[in-house]
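Here are a few friendly notes to read with the model open beside you. Take the points one at a time and find each residue as you go.

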Amino acid sequence: MKTDRFLRGVHTRGAVLLLVFLGCALAVLIRLAWVQLVQHDRYAAWSLRQTRDMQELYSPRGTIYDRNGKQLAFSIMVKSLYVDPGMLNVAPGEAAEVLAPLLHINKETLTEKMSRDTRFVWLERVMDPDMTAAVKAALKEHKMKGFGFVDESKRYYPNGGLLANVLGFVGIDGRGLDGLEKSLDDLIRGGMNRQLLLMDARGNPILHSTMAPYLGKEGKAVYLTIDESIQFFAERALDRAMATTKAQGGIVIVMDPKTGGILAMVNRPSYDPNHFYYATENEFKNRAVVDIYEPGSTFKPIVAAAALDAGTYSTDTVWHDPGEIVASGHAVRNWDDESYGDVRMVDILKFSINTGFAHIGLLTGGDILTQYAQRFGFGKATGVELPGEGDGILFDPKEMRPIDVASMSIGQGIAVTPLQMVQAYSAIANGGYMVRPHLIASIRNPDGSVYKETPVEAAGTPVSQTVADTVKDMMEKEVSEGGGGNARVPGYHMGGKTGTAQKIDPVKGGYLEGEYIASFCGFGPTEDPQAICLVVLDDPQGMYYGGMVAAPVFAEIMGQTMRYMGIHAIEEDRSGRETAAAEAPEAALPALPDEGAETVTVPDFRGWSMRDVGEWTTRAGLGFRPDGSGFADSQDPPPWTTVERGTDVAVHFTP
């Protein structure tokens, strides 16, 4: 009996305990559900209040390539240094004493940062790997605590100042601030990565505890129409001219007249985008797109084409040059104050006769001249993919006096951008078909698929093919027989026009005394033009005529570009007949490296043609820096040197 009562008591107590445990478990579950579901936002807010700072960091920007796939701008992940002043185990001044020389920051500035009443302070952003290594070694050596590193993206420009005014640069926050970096920022900027620095229950930072809800995607890659080698030819030639003429500034544009693809765009002065913070506003300016100037005589082929197409003048018309044309009481004279007698249009263009063009312009009229100027693209931006492009300035035809018509006919009284001039010349070089200039060939997604391609876009057909070809022939004679003789390129037929004009005073209006713009614009080879080249020198000292200082720059750039493109030269035999230039025996070209190889063994280029060297180095993934003409006789690096892909190879050529 007692045993039964004892067993019943045990069962009762067990049941009670079970109910108690079940009740506790149920209460915990109810509380957990209440916290997780009903009061989730409240407790999440409490948790986030432990956060002392939120950082917005970006994944690498998309790479910018030239037309051959050579990197012009790319991003890598580097370290940024921060400190929690509350966790420092040394005095701020002592830490600053150690770090200031390594970070190249004033000691007092560092001390102030590390003395702030906060839990997170940036000390240095996007450090170079060498600086990061030095800082890490110093922190370890001095056993300093309270410092941490965060990965961030940094932009690099492997060619330094090459193409700087076109590429632009990127600020410390990863945003494009100028050039293509700015205009394409939304496309090539990497995805944002939000990071929270958390503290423990006592308010101490949990170092290396940054949390990333997601990792942003890398930006899209951009392939330009720019050819790195042609860009190098143009920059080197312009630098030589700047040094010789002591000009204030300079511009070169090289464009494919068939597609509108810009092969080179050079500005001087310029800067290194890797160190953009040392540059001035004047050095940032992309003059080729932003600046306007009076084109002078380079505008005369446009006037000739307009008069021929409108039927107001003929190539057979013979006109007697009196040496002076009076319009609205003002005299227009030739640059040498001479009279050229009986001349046809080809002579008027070949010898750049001001009186002749004033005569043609007055016969044609201001309305027609302005209409054709607009058809050639003047007076409005071309739409190139760069910020700040200018529109230029044309006369209002309703208000034009005879002197305005005469002035416009010789390229004065109007203002154009360099890019507009190149676009207009594409119509003459291309049989009347004008193409719109562009810099971007294609944009690709991170997986390599094509996001967007830039098609060849017509900008109009301002004149007929017959007129365009007629003016092109005249421009060839300008180079071969007239004032553009310094633009000749041995072995090739070139067409072009010199230009010399006084500089506009942007403040007071009128002209600046003793300051000139010297220019030359042309194309070649005239049989089938492959490139247009414009050279502009701003206020050259001493000799300032375009035919003397700008034309030789054109000749150097176009000579190297023709050979680089593999366009065969022609030569004249003793009878005066043109024949294909003799070619050197083909060199036995060595095999190219494997596609995945990271290094390349440079062969012995001696005896190779420039075309063969350029083709081999491009296919091998190497840069090419040619000098001279003819066949290779020396090189750097030396033959059979092993180099990394992307390394530049300098090769000297002799006839």
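Which residues does Asn165 touch, not counting residues up to four places away in sequence?

1. A word on the model: this is a predicted model, where local features need pLDDT of at least 70, side-chain atom pairs count only at pLDDT 80 or more, and totals for chains, interfaces and linings use all residues. Residues are numbered from 1 along each chain as its sequence is written, and side-chain values use heavy atoms, with hydrogens and water left out.

2. Now the answer: Asn165 touches Gly179, Asn267, Pro269, Ser270, Tyr271, Glu283, Phe284, Lys285 and Asn286, leaving aside residues up to four places away in sequence. Contact here means heavy atoms within 4.5 Å.

3. Look at the side chain of Asn165, which makes a polar contact with the side chain of Ser270 at 2.7 Å. A polar contact is a pair of N or O atoms within 3.5 Å; within protein, one must be able to donate a hydrogen and the other to accept it, and residues adjacent in sequence count only if both atoms are side-chain atoms. A polar atom of the Asn165 side chain also lies 3.3 Å from the backbone oxygen of Phe284.

4. The structure holds zero disulfides (a disulfide is a pair of cysteine sulfur atoms within 2.5 Å).
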